[in-house]
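The sequence and the structure come next, and the text then goes through selected parts.

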Amino acid sequence: MTATEFRTVPRRRPAAAVPPARELAWAPLLAAIAGVLVCLGFLAAAAAGDLGREALITLVVFVVAIWMWIFAPVPDTYVALGAAVALVVTGPIDTETFTGTLGDSVIWLLVGSFVIAAAVTATGLSARIAARVLALARTPRQLMHLLTVVLLATTFAIPATSGRAALALPVFLALAAVLRHRPQLVLALAVGIPSVILFSAVGSLVGAGAHLITSEIVATATGEGYHFAQWLILGLPLAVVWSHLAAEIALVLFADRTERRTPLTVPVAAFADAAGSDVRGPLSASQRRVLGVLAAVVVLWCTEAWHGIDPAVVAVLGALLATAPKLGATTLPAAAKTIPWTLLLFMAATLCLGIALTTSGASAWLAGLVFDPVRSLGDTAGAAFLVLTVVVSLAAHLMIQSRSARSAVLVPIIVATAPAVGMDAAAAAFLSTAAAGFCHTMTSSAKPMAVFAASDTVPGFRPEHLLRYSAVLAPLSVALLLAFAVWVWPQLGLSPIR
């Protein structure tokens with residue numbers, strides 16, 4: 001099964017992951033009642049003159065959207081588009097803003113990146129490289145960390161965590177078949193692979209749609225977003241440490257000492273099906289060409305300050321080269337079919353919502369309401385704000401499944417609050433978006449986790465495994481993020497404290 005084929009397979013959720021209806025039947029009703037009370041509070045604030053009309057409308061629309069994202073049996077994109085249209089009709093944003101987000105450079109950057117990713121997948125290059133690298137492993141620990149290195153590299157080739165999960169699944173299935181007599185190691189791989197995919201995404205501006213949304217919101221609020229090279233310098237060290245930490249914890253938790261010390265051999269031939277071709281011998285001509293295109297695109301992204309070419313233009317140029325007749329690895333029509341258009345629509349819509357929160361004054365008012373207690377702490381306000389930002393952003397996946405939606409909700413509030421407590425808005429937004437990459441508590445918390453959950457065809461993990469893993473990894477992730485914010489990022493040019 002190829003990565004492209006896997007995308008067409010309906011996702012199975014293990015029966016154990018779905019709580020009995022009688023236990024959760026009251027949750028939507030209680031949440032709806034809470035939402036109504038919150039909206040009444042907004043109306044009271046508006047009546048008192050503390051909240052403007054446009055801010056009031058924006059907040060009410062957001063409360064409804066968040067409730068629907070959590071409880072309504074409709075796609076996230078449908079909810080986001082409906083909320084964006086509601087904001088246009090009622091006035092907080094205009095038609096030009098609504099339609100303009102779909103033509104934003106962020107969208108074109110992703111379109112070009114997905115086309116390049118389709119070319120990489122079509123050649124079998126990713127599985128071929130994985131086969132070469134993983135065949136070097138002689139112990140379970142080497143296998144886990146070599147696999148982490150390979151997945152880190154895919155951050156720059158596949159611009160979505162769900163796409164990278166689909167690409168990695170055939171590799172995992174090949175490993176699971178070879179290691180079927182070692183179920184502990186297979187379980188560690190099933191938990192570790194999607195975790196590394198999620199954590200490594202922070203290494204690249206195009207690693208997740210939430211990063212691009214954050215950049216646009218920060219640009220709207222401060223006048224300047226993040227450049228590709230800047231995000232790379234800040235995010236890649238965190239991605240490397242966080243990914244290897246996640247892999248090591250998965251191995252230690254789910255494979256006992258005897259299993260970890262038992263040697264292993266992974267034959268290169270096991271990956272032939274995953275690659276769709278023979279993985280031995282030199283790279284094919286098409287693989288060399290697409291590797292060259294990918295390398296050139298990444299270099300041009302990193303050197304934008306020198307040549308001045310927008311990253312979106314670079315991505316589209318790379319897409320044209322990757323699909324050029326007689327030179328490319330696939331055709332443009334074939335590559336276009338792999339682009340997740342609903343994801344792009346979702347990003348455009350949530351970008352509208354984030355802009356509305358910022359420009360209507362809703363985020364500033366909400367920030368004051370939520371973080372005023374922090375401001376009263378005096379000299380310790382900055383430290384308290386940092387901790388609160390990490391904890392809230394990390395825990396938000398329990399309520400809002402979409403990473404992009406979490407950033408659209410949280411980042412405007414954090415950007416509005418940061419200056420009041422002496423923090424840099426761009427640094428606080430980056431920290432929040434990085435923390436939002438933790439999505440490990442439930443199978444439904446992130447698409448990569450759902451892809452690797454146990455099913456009839458995938459020897460994955462069960463919900464109780466995730467709960468155990470998250471209980472260990474969450475506090476370590478909070479500590480790691482705070483350590484980077486306080487000690488590492490200031491050395492790289494981004495200091496949260498002014």
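Arg403 counts as buried, at 11% relative accessibility; buried means under 20% relative accessible area, exposed over 50%, and partly exposed in between (1.4 Å probe, protein chains only). This residue lies in helix α23 (residues 403-417). Helices (H or I, at least four residues) are DSSP runs, as are strands (E, at least two), and they are numbered from the N terminus. Not counting residues up to four places away in sequence, Arg403 touches Thr161, Leu198, Ala201, Ala208, Ala210, His211, Ala436 and Gly437; contact means heavy atoms within 4.5 Å.

This is a predicted model, in which local features need pLDDT of at least 70 and side-chain atom pairs count only at pLDDT 80 or more, while totals for chains, interfaces and linings use all residues. Residues are numbered from 1 along each chain as its sequence is written, and side-chain values use heavy atoms, with hydrogens and water left out.

Helix α5 (residues 76-90) has 15 residues, which at 1.5 Å a residue should span 21 Å; its end C-alpha atoms are 21 Å apart, in agreement. The expected span is 1.5 Å times one less than the number of residues in the helix. Which residues of α5 are buried? They are Thr77, Val79, Ala80, Ala83, Ala84 and Leu87. Seen down the axis of α5, these buried residues fall within an arc of 165°, so they line one face of the helix; the arc is that of the directions from the helix axis to the C-beta atoms. In general, an α-helix has 3.6 residues a turn, so residues three or four places apart point the same way. The buried residues of α5 pack against α4 (53-71), α6 (95-100) and α20 (341-359). On the face turned away from the buried side, α5 carries the exposed residues Tyr78 and Val89. Gly91, with a positive phi near 115°, follows α5.

Of its 19 residues, 16 are buried, so α7 is largely enclosed by the rest of the structure. Just after α7, Gly124 takes a positive phi of about 75°.

**Core and aromatic residues**

The largest nonpolar core has 166 residues, and those with the most contacts inside it are Leu143, Phe172 and Leu189. Such a core is a set of buried Ala, Val, Leu, Ile, Met, Phe, Trp, Tyr and Cys residues joined through side-chain atoms within 4.5 Å. Helix α13 (residues 228-254) gives the most to this core, with 14 residues. Leu189 touches Leu143, Met144, Leu147, Phe172, Leu175, Leu179 and Pro194, again not counting residues up to four places away in sequence.

The whole structure has twelve aromatic pairs. Rings of Phe, Tyr and Trp (its six-membered ring) pair if their centres lie within 6.5 Å; planes under 30 degrees apart count as stacked, over 60 as edge-to-face and the rest as tilted. Phe172 and Phe452 form an edge-to-face pair, 5.4 Å centre to centre with 65° between the planes. This pair links distant parts of the chain, 280 residues apart: Phe172 is in helix α10 (residues 161-178), and Phe452 is in the loop between α25 (447-451) and α26 (463-488). Phe172 is buried, at 0% relative accessibility, and Phe452 is also buried, at 0%. Tyr226, Trp231, Phe430, Phe484 and Trp489 form one aromatic cluster.

**Further residues**

The table gives the accessibility of some single residues.

| Residue | Relative accessibility | Class |
|---|---|---|
| Cys302 | 26% | partly exposed |
| Cys439 | 1% | buried |
| Lys326 | 85% | exposed |
| Glu54 | 34% | partly exposed |
| Ser195 | 0% | buried |

The structure holds zero disulfides, a disulfide being a pair of cysteine sulfur atoms within 2.5 Å.

Lys326 is in the loop between α18 (311-322) and α19 (332-337). Although not a glycine, Lys326 has a positive phi of about 70°. Most residues other than glycine have a negative phi.

Glu54 is found in helix α4. Apart from neighbours within four places in sequence, Glu54 is in contact with Gly91, Pro92 and Ser360. Ser195 lies in helix α11 (residues 183-200), and its contacts, with neighbours within four places in sequence left aside, are Ala246, His440, Met449 and Tyr469.
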